[in-house]
There are 2 protein chains.
Amino acid sequence: MTVLIVGTIGLDTLETPFGKKKDVLGGSGIHAAISSSFFAKTAIVGVAGTDFPKEHFDFLASRGIDTGGIQILPGETFRWSGYYEYDMNQAHTRDTRLNVYALFDPKVPDNLKKAEYVFLANLDPELQLKVVNQLEKPKLLVMDTMNYWIKNKREALHEIVKKVDFVLLNDGEARQFMETPNIPIAAARLLKLGTKAVIIKKGEHGALLFTDGVHFSAPSYPQDILRDPTGAGDSFAGGFIGYLAKTGDLSEANIRRAVIIGSVMASYNVEDFSADRLRRLKHKEIIDRFNEFRRFSEFEAISAAMLS
Amino acid sequence: MTVLIVGTIGLDTLETPFGKKKDVLGGSGIHAAISSSFFAKTAIVGVAGTDFPKEHFDFLASRGIDTGGIQILPGETFRWSGYYEYDMNQAHTRDTRLNVYALFDPKVPDNLKKAEYVFLANLDPELQLKVVNQLEKPKLLVMDTMNYWIKNKREALHEIVKKVDFVLLNDGEARQFMETPNIPIAAARLLKLGTKAVIIKKGEHGALLFTDGVHFSAPSYPQDILRDPTGAGDSFAGGFIGYLAKTGDLSEANIRRAVIIGSVMASYNVEDFSADRLRRLKHKEIIDRFNEFRRFSEFEAISAAMLS
């Protein structure tokens, strides 16, 4: 089943305690699509400038990613420049240049309008709505957002939240959007807005899934190799939706597995700059780490008699 | 098997978004002992002033807690006054009055020198060392500490860490003590100092266990009732050691269960002020929540074939 990813295509300039990189492959759509491509046929809708290097298109093609939905507009590609301090938890923006992204008017190509698994990566919620309106029969719509839209386009966000199946946010965004410091309460409020499930990404602290009546807590990975956190959340999302598309199984048990797959992909993504770790990632490594997640979150039942 | 808890006995004045309380039962030793008493015969060593209310002694006795090791010194009991803001994650101290605690010279009563399960709650590390030197055959020594001692008594802390089996810290303390923002690296450094296991308490994000070669990640509890976080870490520790003493089983599988029991006790403790929730807690509720922890952290294996 094809996964459709709509998001930014960017060139990132990054600085972390482990090095500096200039104009490397980045963007929410790119990180999500690469991650998804490990599981399912993946297509990307977005916009790039005429300066977007051919080698990146070649790399995406080598992963079987359909780039036919990437509009090439005259001008420069979206650029983000940022740095991470020693604790690596917080991205600090130096510069954001929208460039051709400012002109982005998403058009879903005809062959993708029937896409059933769709991830709306962080994007202006009005553009996310435009995408949804072009889809013919989405089976699973997943969205992400960010603090900027929560602050500036709250109404459009409410509207898109109602239309999607899964809302994927980091913990800070969930707190800000639902105006409570309490994550379970924020999740309950998001569910009340009309989405079916909420996934809270907590970076080094794992991820939480909330649906009506079900809660799942995915463990954090003991990440001792952490070179560049950029794109972790999008790798999570790509792995999550790619795995669900591949298996075609939206049972609760499988959604739990998909959350772990997302966590696995994010944990690899941060081990190197840009998408470099995923470039050399093998399927066997995904399985191995999934099994590691199982080993370090398992515990056995206790008998009531033991406590009496 | 008797659990010996050494820690502070206090009267807390608390303010949270859910109310104010003046001079209520508190202190690291108290919270830990009450929690431990749900599982094992528990004794407490500490110091109180002549103003410490008889009703608190009566309550401790009603839980079967041996208070013979509490020295009563002329003067006032240790007092802490603090508040929590809306996000409840950070305690803000208004006032700390050591009172008789400044004179505390821990003496383990003869009948407790043979105690095998010992928790050294947050306390001057030099006093923790004094306690250890009085013990005849500890089987499991667990310690906690806090930022103040990390800053001011680093050498004594290094010494006590070497002597204990388990170091229990919150994530901020672990980062500060081992001078790294990375939790797995901090844990590895603590293990190198000579302790057998490290448990990192992350409050709303769960808890992590690190031993040589084993990692366990305990999920967070989706805490929608959170009135007073004071004593959560000590309730965790008390439940953890009480459960291990009760079962007498120090296998890895049982230590994992003990981490969950600790998480269960902490999750109840924060539901009301002081130890009020634990006053009315039933064994059945402990089992029920343990099973909840299992339900919301379980996920099934994937087959490698699914990804090929």
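## The sheet of chain B

In chain B, nine strands form an open sheet with mixed pairing, in the order β5-β4-β1-β8-β9-β10-β11-β12-β13. The edges are taken by β5 (66-73) and β13 (214-218) of chain B, each of which has a single partner strand, so that one side of each is left without a neighbour in the sheet. From one strand to the next, the twist averages 15°.

Strands of a sheet pair through backbone hydrogen bonds, and they do so either parallel or antiparallel. Within this sheet, strand β10 (residues 166-170) of chain B runs parallel to strand β11 (residues 197-201) of chain B, and 5 bridges join the two.

## Confidence in the model

The structure described here is a predicted model, and its values should be read with the predictor's own scores in view. For chain A the pLDDT averages 95, and 100% of the residues score at least 70. The complex as a whole is given an ipTM of 0.91 and a pTM of 0.94 by the predictor.

## Relation between the two copies

Two copies of a chain are related by a rotation about an axis and a shift along it.

## The contact between the chains

Chain A brings 41 residues to the contact, and chain B likewise brings 41 residues. On the side of chain A that touches chain B, the elements that give two or more residues are α7 (183-193), β13 (214-218), α9 (252-269) and α11 (283-295) of chain A. Of the elements on that side, α11(A) gives the most, with 5 residues. Sorted by class, the side of chain A that touches chain B comprises 23 nonpolar, 10 polar and 8 charged residues.

## A loop residue of chain A

Ala102(A) lies in the loop that runs between β7 (91-97) and β8 (117-120) of chain A. Because Ala102(A) has 11 C-beta neighbours inside 10 Å, and a residue with 12 or fewer is classed as exposed, Ala102(A) counts as exposed.

Ala102(A) and Ser217(A) are 115 residues apart along the chain, and their C-alpha atoms are separated by 37 Å.

Conventions. Residues are numbered from 1 along each chain as its sequence is written. Chains are lettered from A and ligands numbered from 1 in the order in which they are written. This is a predicted model: local features need pLDDT of at least 70, side-chain atom pairs count only at pLDDT 80 or more; totals for chains, interfaces and linings use all residues. Two residues are in contact if their C-beta atoms, placed from the backbone, lie within 7 Å. Helices (H or I, at least four residues) and strands (E, at least two) are DSSP runs, numbered from the N terminus. Ala, Val, Leu, Ile, Met, Phe, Trp, Tyr, Cys and Pro count as nonpolar, Asp, Glu, Lys and Arg as charged, and the others, Gly among them, as polar. A residue is buried if 20 or more other C-beta atoms lie within 10 Å of its own, exposed if 12 or fewer, and partly exposed in between; C-beta atoms are placed from the backbone. Two strands pair if DSSP finds at least two bridges between them. Axes are lines fitted to C-alpha atoms, for helices over the stretch in contact, and angles run from 0 to 180 degrees between N-to-C directions. pLDDT is the predictor's confidence in each residue, from 0 to 100.
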